[in-house]
Amino acid sequence: MNKFLFGVLLIIIPLEKAATQSNIPVGTWRTHYSYNNTTSLATSGDYIYAGSEESFFRFDLLENEVQKLSKEQGLIGVGINTMGYHEPLSTLIIGYDNGNIDYIRNDKTVGNLPDIFNSQSILGSKSINDQFFYEEFAFLSCDFGVVKLDLESMEIPEDYRNLGVTQGSNPVYSTAIFTERDSIFIATELGLMVAQFRPEVNLQDASNWVFFEDSAGPAVDSIFHLEYYKGALYGGRNGMGRTTS
């Protein structure tokens, strides 16, 4: 099931359920959630998780019901930019526009990682824009660079900042690891960048990152999403796109 169908499913089902719940007992209250403008989706197998501008909820595929998730469960739930589910560790990662991170293990245990949100060394926006899973790590694309998150320990061993610029930051929209080329690609505000992805290469050294060029010339700065699939790297952008294989 693709993301478009997830969105359709999440829109139709709440409306159907609402239509069957009409008579509200006197003296009682009912909470009405906003399901509009869903910005991110992830599936764990038993649930479809969705984040909108003002709410966070999931659809239980077994019980056929929508469940609102909020601060009552220990979640921030507002300002969600990205979500992703890491199947090997049964962990849902939720990235917010203020740099905060929530996570849910096994669809039950909730935790929070405020390291980016609380960081005094990060100037400007701390927004988390996207995530890419590789082995036990999540590579978080942020407005200040890339953060490598260990999903087992829920610790940040390193991050990569100020890539492609001498001062300030170069916002990163998306990250993908191209295993066949031993390379890591990032879609940034200034263009597509690449570095060698090998243990001996220090990715924290900005000099190890370069702007990517191929036979078609330099990659322009309108790529907003990267996806690696079956030996090819796909870039999502406005207008015509390209693949790198």
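**Exercise 1.** Find which ring the charged end of Lys-148 sits over.

*Solution.* Start with the test: NZ of Lys or CZ of Arg must be within 6 Å of the ring centre and within 35 degrees of the ring normal. The charged end of Lys-148 passes over the ring of Phe-137, 4.3 Å from its centre.

A word on the model: it's predicted, so local features need pLDDT of at least 70 and side-chain atom pairs pLDDT 80 or more, while totals for chains, interfaces and linings use all residues. Residues are numbered from 1 along each chain as its sequence is written, and side-chain values use heavy atoms, leaving out hydrogens and water.

**Exercise 2.** Work out how the rings of Tyr-134 and Phe-197 are arranged.

*Solution.* Rings of Phe, Tyr and Trp (its six-membered ring) pair if their centres lie within 6.5 Å; planes under 30 degrees apart are stacked, over 60 edge-to-face, the rest tilted. The structure holds nine aromatic pairs. For Tyr-134 and Phe-197, the centres are 5.2 Å apart and the planes at 90°, so call it edge-to-face.

**Exercise 3.** List the salt bridges and say how accessible Glu-200 is.

*Solution.* The criterion is a side-chain nitrogen of Lys or Arg within 4 Å of a carboxyl oxygen of Asp or Glu. The whole structure gives two. Asp-159 bridges to Arg-161, with closest N and O atoms 3.0 Å apart; Glu-200 bridges to Arg-198 at 2.7 Å. Now accessibility: buried is under 20% relative accessible area, exposed over 50%, partly exposed in between (1.4 Å probe, protein chains only). Glu-200, at 58%, is therefore exposed.
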